[in-house]
Amino acid sequence: MAKEITYEEIVRNLKNRVYSPVYFLMGEEDYYIDRISDYIMDTVLSEVEKEFNLTVLYGADTDMAGVINAAKRYPMMSEHQVIVVKEAQGLKGMEDLVYYLQKPLLSTILVFCYKHGTLDRRKKITAEIEKAGVLFESKKLKDTQLPGFISSFLKRKKVEIEPKASEMIAEFVGTDLNRLAGELEKLIITLPPGATRITPEQIERNIGISKDYNNFELRSALIEKDVLKANRIVKYFNDNPKNNPLQLTLAVLFNFFSNLMLAYYAPEKTEQGIAAQLGLRSPWQSREYMAAMRRYKGIKVMQIIEAIRTCDAKSKGIDNSSMSDGDLLKELVYVILH
């Protein structure tokens, strides 16, 4: 199997004006597909050249024969023409692309935006795309990869972020990268003049997440077995249910304790060993898992995971007729800590 090309490699080649005749961008994560296609539309052609040489088609409104006919045209007063097929997952006659790929027009840059799915890699069309151009799969990031995405995004903007602030916004937004990028842009705009570092206080002021009462702090309290702090946060969540939905809290706790269970199987119980076992971007991210391993035995972690599942079921009305979300969380935290 050929080595998969990365987003960074594609962007680097585009910046160096090294173009491929075909870009097939597919996958569950819209963010990278949009970034690549937008960059091609914005930078390959000048504003004057775009008038005659930029074509945007939609999969539901055309078919592959129409796309190929457009791709076979020569550019007007330009070195290239750019054709972008949006919503390509709705395109009929996809297999007909194989014939064009065998001899693509090098002056055409043909971009397919195939979202919320992928081509079958066993079919001939994928092999032909890889031979003639770029086949890129945009995959959803895991929760553990979000801090890395946040740091990289801000680094390009020459802005830093404190680790706690990064965790806060990652847990608040989740893995929707377009929304996450939008929230980060807002934070950059609200930075005081001359400031280049995002802090938890800034997130609290501008996004509305409490820096002291959030899922990140609840998780930390449970890791430290700080009963008083954990119960204060639970009470705050109960008093502010709209901003602190139980399902989000359960997702954060389930993710952490599931990873903690995996950490017990790491060949090396070091920061580097646990980071490798869990696929963490940086070894420092494994410190919380190491701290939790000192306080929770494996059998207890298994019981906690089961308790989180039970709490989730009860929150959906299964075997529960009267307990509120606040009471369910209070019961769960008691089980975790005792």
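Trainee: What should I know before I start?

Mentor: Residues are numbered from 1 along each chain as its sequence is written, and side-chain values use heavy atoms, with hydrogens and water left out. The model is predicted: local features need pLDDT of at least 70 and side-chain atom pairs count only at pLDDT 80 or more, while totals for chains, interfaces and linings use all residues.

Trainee: Which residues of helix α1 are buried?

Mentor: Let's begin with the words. Helices (H or I, at least four residues) and strands (E, at least two) are DSSP runs, numbered from the N terminus. Buried means under 20% relative accessible area, exposed over 50%, and partly exposed in between, using a 1.4 Å probe and protein chains only. In α1 (residues 7-15), the buried residues are Tyr7, Ile10, Val11 and Leu14. Seen down the helix axis, they fall within an arc of 95 degrees, so they line one face of α1; the arc is that of the directions from the axis to the C-beta atoms.

Trainee: What do the buried residues of α1 pack against?

Mentor: Contact means heavy atoms within 4.5 Å. The partners here are β1 (22-27), α2 (30-43) and β5 (134-138). Just after α1, Arg17 takes a positive phi of about 60 degrees.

Trainee: Is Leu106 buried or exposed?

Mentor: Leu106 counts as exposed because its relative accessibility is 66%. You will find Leu106 in the loop between α5 (97-101) and β4 (108-115). Leaving aside residues up to four places away in sequence, Leu106 touches Pro21 and His80.

Trainee: How many aromatic pairs are there?

Mentor: Rings of Phe, Tyr and Trp (its six-membered ring) pair if their centres lie within 6.5 Å; planes under 30 degrees apart count as stacked, over 60 as edge-to-face and the rest as tilted. The structure holds ten such pairs. In one of them, Tyr213 and Tyr236 have ring centres 4.7 Å apart and planes at 20 degrees, so the pair is stacked. Tyr213 sits in the loop between α10 (200-207) and α11 (215-224) and Tyr236 in helix α12 (residues 227-239), so this pair ties together parts 23 residues apart in sequence. The rings of Phe256 and Tyr289 are stacked too, because their centres are 4.7 Å apart and their planes at 15 degrees. That pair links distant parts of the chain, with Phe256 in helix α13 (residues 246-263) and Tyr289 in helix α15 (residues 287-295). Phe256 is buried, at 1% relative accessible area, and Tyr289 is buried at 6%.

Trainee: Which residues do ring pairs link into a cluster?

Mentor: The cluster joins Tyr7, Tyr31, Tyr32, Phe149 and Phe153.
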